[in-house]
Amino acid sequence: MSSKPIKAQVKLQLSAGSATPAPPVGTVLGPYGINLPQFVKGFNDATMNDKGLIIPVVVTIYGDRTFDFVLKTPPVAVLIKQMLKLEHGSKVPNKEKVGKITAAQIRSIAEQKMIDLNASSLETAESMIRGTARSMGVVVEG
C-alpha cells in the first residue's frame, strides 16, 4: 500500500486476459485520469492463466493518478459453471435442474474462495456455496 492520498476505490468484474480500454473499463476508470493502457496491460498480464473466467478487481486510484489493483477470486457461480461445464444456470431453479455437484466439488470451491468470503470456517463457506448452487438450479449431493 502507498501512503499517497486515495482518490477512489473502484470495483470491476472483467474477463481474464482480455480486458480492453473500451467500456466498461474506459467508462468507469477514464474519469479518474489514470493510464488506461497501463491498467489493461497489467490486468491482462496478471490474469493470462485464467482466460475465460470473470475476475473481480479492486482498483485503488491515488490523487496523483497512479493506481494499484488487487485481484479477487472468481464469483462462486462462475466457478460452479466452470466445474460442471455449464453454459448458464437454470431460469427456474426450483423446477428445472441443470446439473449435480458433489460435496468434494463444493469443498474444492470453498477452499479456493475462502480468502474472499465472509465466512469464519470452511463449513460456513461450504454452506454459502451450496446455497449459490441451489439458486442456480444445481442439485447438491451429500
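Student: How large is the accessible surface of the protein, and what share belongs to carbon and sulfur atoms?

Tutor: The accessible surface comes to about 8100 Å², and carbon and sulfur atoms hold 53% of that area, where the areas come from the Shrake-Rupley method with a 1.4 Å probe. This is a predicted model, in which local features need pLDDT of at least 70 and side-chain atom pairs count only at pLDDT 80 or more, while totals for chains, interfaces and linings use all residues. Residues are numbered from 1 along each chain as its sequence is written, and side-chain values use heavy atoms, with hydrogens and water left out.

Student: What makes Lys4 and Asp64 a salt bridge?

Tutor: A salt bridge needs a side-chain nitrogen of Lys or Arg within 4 Å of a carboxyl oxygen of Asp or Glu; the closest N and O atoms of Lys4 and Asp64 are 3.7 Å apart, so the pair meets that limit. The two residues stand 60 positions apart in the chain, with Lys4 in the segment before β1 (6–15) and Asp64 in the loop between β2 (54–62) and β3 (67–71).

Student: Why is Lys4 called partly exposed?

Tutor: Buried means under 20% relative accessible area, exposed means over 50%, and partly exposed lies in between. Lys4 has 31% relative accessibility, so Lys4 counts as partly exposed, and Asp64, at 46%, also counts as partly exposed.

Student: Which words describe Asp45 and Lys41, buried, partly exposed or exposed?

Tutor: Asp45 has a relative accessible area of 48% and is therefore partly exposed, whereas Lys41, at 54%, counts as exposed. Their side chains meet in a salt bridge at 2.9 Å, N to O, and both residues lie in helix α2 (residues 36–47), four residues apart, which is about one turn of the helix.

Student: How do you know that Arg107 forms a salt bridge with Glu126?

Tutor: The closest N and O atoms of Arg107 and Glu126 are 3.0 Å apart, which lies within the limit for a salt bridge, so the pair qualifies. This pair links distant parts of the chain, with Arg107 in helix α4 (residues 103–113) and Glu126 in helix α5 (residues 122–135), 19 residues apart.

Student: What makes Glu126 buried?

Tutor: Glu126 has 8% relative accessibility, which is under the limit for buried, so Glu126 counts as buried; Arg107, at 33%, counts as partly exposed. In the whole protein, buried residues make up 38% of the 142 residues.

Student: How many salt bridges does a search of the whole structure find?

Tutor: The search finds four salt bridges, among them the pair of Arg107 and Glu126.

Notes
Buried means under 20% relative accessible area, exposed over 50%, partly exposed in between (1.4 Å probe, protein chains only).
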